[in-house]
Amino acid sequence: MSTLSRISDRSFGVRLFLLVLLLNSTLILFAFYSVMDSKQGYEERARLTTQNLTRMVDQSVAASVRKIDLMLLTAVDELEHEFREHGHLDPSHANPFLIANRERLSELSSVRVTDGQGLVILGDGVSASTQASWADRDFFSALRDHPDHGLVVTDPILGRVTKTWVISFVRRYNKPDGSFAGVVSASIPVTYLGKLLSAMDVGPNGIAVLRDANLGMIARHPALNGPVGAIGARGASKELSDAIAAGQRDFSFHSRTSLDGVERTTSYRRMSSVPFSIVVGLGSEDYLAPWEDSVERARGAVALFLLVTSASAWLLWRAQIKRRDLEATRDQALVRLQKIANRVPGMVYQYLLRPDGSSCLPFASDAIREIYRVSPQEVREDASKAFSNHHPDDYDGVVASIEQSARDLTPWVYEYRVKFDDGTVRCLLGNAVPDRQEDGAVLWHGFITDVTERNQIKRTLAESAESYRTLVEWTPEPIAVHRDGKLVFVNPAATAMFGATSAQELVGRPILELVHPEFRQIVLARVKEQGEKGMAVPMMEEKFLKIDGTPIDVEVQSRTIQYQGGVAFQVAMRDITSQKAAQERLQTLAFYDPLTGLPNRRLLLDRLQQDLAGSARHKRQGALLMLDLDNFKDINDVLGHEQGDLVLQKVAERLSVCVRERDTLARVGADEFVVLLAELDENPLEAAMQAELVGHKILDALKQPYQFDDSEMSCTASIGITLFGEQHDDNVEALKRAEMAMYQAKAQGRNTLRFFDPKMQAVVASRVAMEASLREAIGKDQFVLHYQPQVTDKGQITGVEALLRWLDPKRGMVSPAEFIPVAEETGLILPIGNRVIEIACKQLAQWASQPGMAHLTVAVNVSARQFHQRDFVDRVLLTLERTGANPHRLKLELTESLLIEDVEGVIFKMNALMARGVTFSLDDFGTGYSSLSYLQRLPLNQLKIDQGFVRDILINPNDAAIAKMVVALADSLGLTVIPEGVETQAQRDFLLSLGCHHFQGYLFSRALPVQEFEAFLARC
């Protein structure tokens, strides 16, 4: 054998091995990819199906739970109403009510009520012989010991009377004082849940299981015999147990269960309304049956192909080895190879591209007759006849890909179409490996398969996707898809929910335009987190906007999907606006009185507890006023309950006008109302006065006649008041105190009010008596003026300060310290102040005609409230004119508190009076908050040093410094200065040394009645 022959044989063997390897690898990879891609499709459809089934069960159970809980809340309200009205439960009324409510819900098997000791006393089937005790039930003790516990959902319970397994929904009901009265229970049979599961189509090997929070069995379809299928039996696959332990609420997995050994794709979902979970699985054997058939067919085809290619390669190699000895039989061997290749499901070929651009197919299996509809002989020298069948739209692409492979000697892989004269179009996939020949030609060894059927499968999958889109389009649940912050798809249900006439009105809109402003930041954060982690977001409640701006309440759940080649967010929604409205109506029934619309006792106790805590925290006082209509029973007995209800409604209207917006007004009994006053003064006495003022306002409002169609009637009330503040009161105890005070008011003759605290009652009574006496004193002109001399350093009396005195026939002379604060608080200081100015002006007019007294000035104190009266200037000038007093002899003493508000108005009034000759003195200077800038602008004539600084001026350096500063300040402003309260000669001498030349105090004289003052002046 020559060396050249050996090299040729080796080169042929390498090429043949590469060709077989390429063909076999390509076919195996293609078959494997197709099979696995198909399997993933079946498994994904199974996973979506199980997820939808768990969601359907969750929604169905949640709807039932909402109806059952609404029924229970209605029953609780009715039972508590019975207690409030009658003090006990009346079976003749309560039992029919409970049974009627139970019959409205077909899923319920029973409704029962216990007393506070757990004995079942009401409900269908309850009698003396069938009464049972629930005192040992966990749910009973939980609701008894925890007043704020809401709805309790039990695990399956074996009924003690019915001996059937049930799941109970239980709520607590209370006595009027808030203590535990018992529980109300509504039960559904476990068999009802079993029927719900059996209605699902899960196939021969599928399952649907409902388990409790501890994975105990509740219901299973199909049922299991033996202990493992019994209610309460526990068991779960490792995948399920691990996922639940990790805290997952909604997930899918694939496993083989130990109970029946069946392999399934399973979805788990923790239910939203009850402490149960739903597991739905589809048997792999069921949903992969069509796939198994296709795998078997593919496995046979691949095996056949491998056998054929391996045999062909072996034969070709053997033929090449024996070429020298078998030259004569070469054609026969080629024919044999042709026959073998013809059995391969595809076309095996060689393609030669010559240097001049012409081409041929030196070898082609008989499959070319189906692939190109030409014979191998027709293209052995010229391939143009095969190329003429290429689809016109694909011809240039095929030629360009072959030229690219020839240039780079890279494998040629290309999918294209052929079109025949009868119009038939087939899809082909070509694979070939190029090899450059010694003469520059390029020879490809390859394999062409008809992929028309495979592409048809792809189209079928695409049509399945379109079917899914159609399902989404027509599902009754609103579904939308958004990407990059804008809507890209909405189904008709979502279009209708947002109030649009077509999807085009919504597509392209920013998603945040349809989100209520209060929820926009929440939605943005959720979309960001979901985009970063790629996780599904659990169901949550949000508020959206219709396109007309109407807000709607929506439950929302979203997940990331692939949509039109990119990542998007699919949002499933449910409009719960009407459901929320129903809940709000139920809330109104639970917390508001249906007759008056006022808060009921339950809501009052809640707000009272909040105000108690707030008062203790902020150290402010609050008050509780309980009022009971006097003799209201007579109104009902004489006029009837319908007329009595009208009276109660009118009472509620009048009470609403008497309280502030932040206060609480409640109806707590047939004719009992409570007013809760919050944020009163921190001083208990002031708070009591404020509460008393509201109480009298209420009494005045209620005693006014009530007008009806042709009659008129009156109805008074008795009010009890109690304060609460820094002490940590109990809300029920506070109500008791107010009630006790109310009964005291009734005992005192009705149509009155009383405080719970006897001491505070006495103080308030004293204040009330003082106010009444003051009003009487004003009417009877019981006020007089005493005059305290003001002297110079030479002992000359230049004027007096008029000091108010009240000469009460019963009390005698009343100190101003007792009645001035009351006068200030009640506003009586205004008529009193006007009267003082009038008496002082009359006295000035009398002294003007008496020798030795005409030079006197009279200083009158004016309160800030009096000075801020709009017509104060006109009143003073009118009084001066009417009495004939000399304005230059009238001095008005103002306090620094006057400057706290409306400084410009104060200056304007002072200038208006000063223009007529009235002078001004600033009283008690140094004790207030005067600004020097204001002091410079005020048209003052005099500063008075407060007696508080004078009292210790000889022993307190600070008082001495302040006095010295006032004298210096007055001197710099050109004002006179006069100290008050000078009682010793030493004080006078020290003040004189500071520069004081006018004095006032007991050293010279106390304040004297006018006759005594005139006698005192005559002696000086």
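**Note on cavities, helix contacts and backbone details**

1. The residues that line the largest cavity divide into 14 nonpolar and 1 polar, with no charged residue among them. The structure under discussion is a predicted model, and the points below should be read with that in mind.

2. A search of the whole structure finds 3 cavities of 30 Å³ or more, and in the largest of these lies about 140 Å³ of space. This cavity is lined by 15 residues, of which Y349, Y351, Y372, F387 and I402 are the closest to its centre. Two or more residues of the lining are given by each of the elements β12 (347-353), α10 (384-387), α11 (395-408), β14 (412-419) and β16 (442-450). The largest share, 3 residues, comes from β12.

3. The second largest cavity holds about 110 Å³ of space. Its lining is made up of 13 residues, and those closest to the centre are H482, I511, R526, F544 and V571. The elements that contribute two or more residues to this lining are β17 (479-483), α14 (520-533), β19 (537-545) and β21 (566-575), with α14 giving the most, namely 3 residues. By class, the lining of the second largest cavity consists of 10 nonpolar, 1 polar and 2 charged residues, whereas the lining of the largest cavity has no charged residue.

4. Two backbone details deserve a look while the model is open. A cis peptide bond, with omega at about 0°, joins H221 and P222, and P222 is found in the loop between β8 (217-221) and α5 (238-245). Elsewhere, L409 has a positive phi, near 55°, although L409 is a residue other than glycine. L409 is placed in the loop between α11 and β14, and both of these elements also give two or more residues to the lining of the largest cavity.

5. Turning to helix packing, helix α18 (residues 641-658) and helix α19 (residues 684-702) pack with their axes 9 Å apart, at an angle of about 145°, and α18 passes α19 in a right-handed crossing. On the side of α18 the contact is made by V651, R654, L655, V657 and C658, and on the side of α19 by V694, K697, I698, A701 and L702. Sorted by class, the residues of this contact comprise 8 nonpolar and 2 charged, with no polar residue.

6. How do the axes of helix α25 (residues 872-883) and helix α26 (residues 903-914) lie relative to each other, and at roughly what angle do they cross? The two axes come within 10 Å and cross at roughly 20°. Because angles under 35 degrees count as roughly parallel, α25 is roughly parallel to α26. The crossing in which α25 passes α26 is right-handed. The contact is formed by F872, V873, V876 and L877 of α25 together with K909, A912 and L913 of α26, and these residues divide into 6 nonpolar and 1 charged, with no polar residue.

Terms used:
Residues numbered from 1 in each chain as written. Predicted model: local features only at pLDDT ≥ 70, side-chain atom pairs only at ≥ 80, totals over all residues. Heavy atoms only, no water. Axes fitted to C-alpha atoms, helices over the stretch in contact; angles between N-to-C directions. Helix = DSSP H or I, 4+ residues; strand = E, 2+ residues; numbered from the N terminus. Parallel < 35°, antiparallel > 145°, perpendicular 65-115°, else oblique. Left-handed = near helix turned anticlockwise from the far one by under 90°. Contact = heavy atoms within 4.5 Å. Nonpolar A, V, L, I, M, F, W, Y, C, P; charged D, E, K, R; others polar. 1 Å grid on protein atoms, 1.4 Å probe; cavity = no way out; pocket = protein on both sides within 12 Å on 5 of 7 lines; lining within 4 Å. Points joined across faces, edges and corners; volume = space filled by probe spheres on them.
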